[in-house]
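Have the sequence and the model open as you read.

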Amino acid sequence: MSYLFKYYAGIYDRFMKQFNLDCNEHMIEALGTVRGKKILDVGGGTGTLADVLQRQGACVTLVDPCAQMTKRARAKNTNLIIYTTTLEEMDEGVLKEQFDVVMIRDALHHMEKPEEVIPLVHKSLKPKGTLMIAEFNWSSPKTKALWVFETLCFENCRMFTPESLEQLCRPYFTHQKIQINRGFEMLYKGEKT
């Protein structure tokens with residue numbers, strides 16, 4: 001288990017807000033209307049984004065391996081479906097073609113084997129489903145500073161450039177688009193092939 005999230009869960013939301021790292025507006029705007037959609041939030045942590053989407057009418061399932069983080073997500077919104085595990089450890093029957101949208105918000109760079117996660121995301125989406133990834137752009141100095149901080153907190157980090165993120169998803173998703181927001185954050189959107 002990650003030292004960073006296990007011990008900093010109590011201050012995580014304040015930290016993200018203080019350093020302006022919790023901007024969900026771009027992802028919410030790109031999703032459009034979510035009422036009635038089934039959304040899987042992979043690495044959803046304290047449930048900040050999942051809470052907003054559920055209150056907008058989506059049925060949101062949050063998956064995160066850190067019990068201290070998911071405890072905070074449950075406290076924010078008891079209507080969320082929450083699994084304290086990794087996507088790789090989930091029962092395939094729970095995931096198979098269930099979701100309209102899968103989102104990964106600032107979590108892919110923490111995943112030990114993202115090349116195994118993306119195929120699982122693909123399997124969990126309905127035909128023509130959407131993958132949305134908000135991730136820090138390795139080309140940005142702010143991202144490099146964040147990488148130093150997380151590495152000093154004993155966190156395993158694998159940052160992405162727009163090109164490496166697109167390459168990771170290319171075998172499974174079409175109509176790929178990446179936009180750069182606030183200079184240090186990229187928003188990926190792809191459709192299940």
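Buried means under 20% relative accessible area, exposed means over 50%, and partly exposed lies in between. The model is predicted. E97, with a relative accessible area of 40%, is therefore partly exposed.

**Charge pairs**

The whole structure holds eight salt bridges.

| Salt bridge | N to O distance | Relative accessible area |
|---|---|---|
| D51 and R55 | 2.6 Å | D51 14%, R55 56% |
| E97 and K192 | 3.5 Å | E97 40%, K192 9% |
| K113 and E116 | 4.0 Å | K113 37%, E116 41% |

D51 and R55 sit four residues apart in helix α4 (residues 48–55), so about one helical turn separates them. D51 is buried, whereas R55 is exposed.

E97 and K192 tie distant parts of the chain together, 95 residues apart. E97 lies in the loop between α6 (92–95) and β4, and K192 in strand β7. K192 is buried.

**Nonpolar cores**

The largest nonpolar core has 26 residues. Those with the most contacts inside it include L87, I104 and L108. Elements giving two or more residues include β1 (38–42), β5 (125–136) and β7 (185–192). Helix α7 gives the most, with four residues. I104 touches M27, V42 and V121, among others. A second, separate core has 18 residues, including I39, L49, L62 and A134.

How values were computed. Residues numbered from 1 in each chain as written. Predicted model: local features only at pLDDT ≥ 70, side-chain atom pairs only at ≥ 80, totals over all residues. Heavy atoms only, no water. Core = buried A, V, L, I, M, F, W, Y, C linked by side-chain atoms within 4.5 Å. Buried < 20%, exposed > 50% of the residue type's maximum accessible area, 1.4 Å probe, protein only. Contact = heavy atoms within 4.5 Å. Salt bridge = Lys/Arg side-chain N within 4 Å of Asp/Glu carboxyl O. Lists of a residue's contacts leave out its neighbours within four places in sequence.
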